[in-house]
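Visitor: I have a structure here that I have not looked at before. Could you walk me through it?

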Amino acid sequence: MRTALTEKFGIDYPIFGFTPSQDVAAAISRAGGLGVLGCVRFNDPGELDEVLEWMHENTDGKPFGVDVVMPAKIPTEGSKVDLDSMIPPEHRAFVERTLDDLGVPPLPEGEDRINTGVLGWLHSVARSHVDVSMEHARKYGQIKLIANALGSPPDDVIALSHENGVAVAALAGSTHHALNHVSAGVDIVIAQGYEGGGHTGEVTSMVLWPEVVDAVGSAPVLAAGGVGSGRQMAAALALGAQGVWMGTYWLTAAEYKLGASGDGPSTVQKALLKATSRDTVRSRIYSGKPARLLKTKWTQAWEAEGAPDALPMPLQNLLVGEAHARISVSDDPEVVAMPAGQIVGRCNDIVPVADMIADMVAEYTEAVARMDKSLG
């Protein structure tokens, strides 16, 4: 498969796989795509540094990328204590009451209750993710892409990335966002439709993808939101995209280790395996911004009468950070807090990444051949 982006990155297939799991990201790159490691879970820059070192050792010299969460507008953060003081007591009480009602156990003894995976949403920590990633880009030359999930990165981050030979991508849920990205100097627009997991806009993929392609002209576009098969990849390229950006698809990969205990599927994977395309909800309760999540008893509690409204980012992250950490060690698949797109309905088996990519490419080939026949 050849597109402008396979040539740019020296990869076999225009498959860009976003994942918080280094095992999955490395496997995607080894299999011919471009694995993109989500960095938001790293509160400590030193931990990210160690994981990136591992990536270099386990990608067979293939390129990979990183994904940060950096708001375009730099927030005033203050100290952790200052942010905590802005969270209403009734919100804290609701979270504690809901966790008790759902039977979610407390964190194990010794678990860090202050940094429970939420500081990575802060601008200052995202800056440290950029700095560590650029150090690795200079040292090894394998990091070829940095993506931002929340708009265009600040100008100096774009300039720094370009200085180090790293392309910049940003997610867009509308043509307005896409044009802003291009004006800011972003290299690749990731057009994510309403169906996608995590932060997503209100326009469906089938409508959004060609709109963005037409709007940005020569800038390459990755199609995101609802991609989980070779047929959908063929549709994305037919609509003018230069590749696909996929996240939910990899959550049931055999290499996905986060939250797993033992050799079987994790609690989250058990929930994903039985979910249909109707079992997601778009809500602000995960981060403070609209994000599509797996529909569970946790999300339903926030929709019930009397539940408080979600707080703005990053306060909502700080409010639910420990709750998410507690939920992650729970063994109840009906109580999980997980971003997931509507394509979750196709996540029906635990499959190695290499096989997942091979199946996509084979189905893409069949779809293109079928379309070729329609011209005869």
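**An aromatic cluster**

Guide: Phe94, Trp298 and Trp302 make up one aromatic cluster. Keep in mind that this is a predicted model.

Visitor: How are the rings of Phe94 and Trp302 arranged?
Guide: Phe94 and Trp302 are edge-to-face, 4.8 Å centre to centre with 70° between the planes. The pair links distant parts of the chain, with Phe94 in helix 5 and Trp302 in helix 12, 208 residues apart.

Visitor: And what about Trp298 and Trp302?
Guide: Their ring centres are 6.0 Å apart and the planes stand at 75°, so Trp298 and Trp302 are also an edge-to-face pair. The two are four residues apart in helix 12, about one helical turn.

Visitor: Is Trp298 buried or exposed?
Guide: Trp298 is buried, at 1% relative accessibility. Phe94 is buried, with a relative accessible area of 7%, and Trp302 is buried with 7%.

Visitor: Changing topic. Which strands form the barrel?
Guide: The closed barrel has eight strands in the order 1-2-3-4-5-6-8-9, with parallel pairing. The twist averages 25° from one strand to the next. Strands 5 and 6 pair over four bridges, and Leu171 has Ile190 in strand 6 as its bridge partner.

Visitor: Which residues of helix 7 are buried?
Guide: Val157, Ile158 and Ser161. They lie on the same side of helix 7 because they cover an arc of only 100° around the axis.

Visitor: What covers them?
Guide: The cover of those buried residues includes helix 6, strand 4, strand 5 and helix 8.

Visitor: Which exposed residues are on the face turned away?
Guide: Asp155 and Glu163.

Note on methods:
Residues are numbered from 1 along each chain as its sequence is written. This is a predicted model: local features need pLDDT of at least 70, side-chain atom pairs count only at pLDDT 80 or more; totals for chains, interfaces and linings use all residues. Side-chain values use heavy atoms; hydrogens and water are left out. Two strands pair if DSSP finds at least two bridges between them. Axes are lines fitted to C-alpha atoms, for helices over the stretch in contact, and angles run from 0 to 180 degrees between N-to-C directions. Buried means under 20% relative accessible area, exposed over 50%, partly exposed in between (1.4 Å probe, protein chains only). The arc is that of the directions from the helix axis to the C-beta atoms. Contact means heavy atoms within 4.5 Å. Rings of Phe, Tyr and Trp (its six-membered ring) pair if their centres lie within 6.5 Å; planes under 30 degrees apart count as stacked, over 60 as edge-to-face and the rest as tilted.
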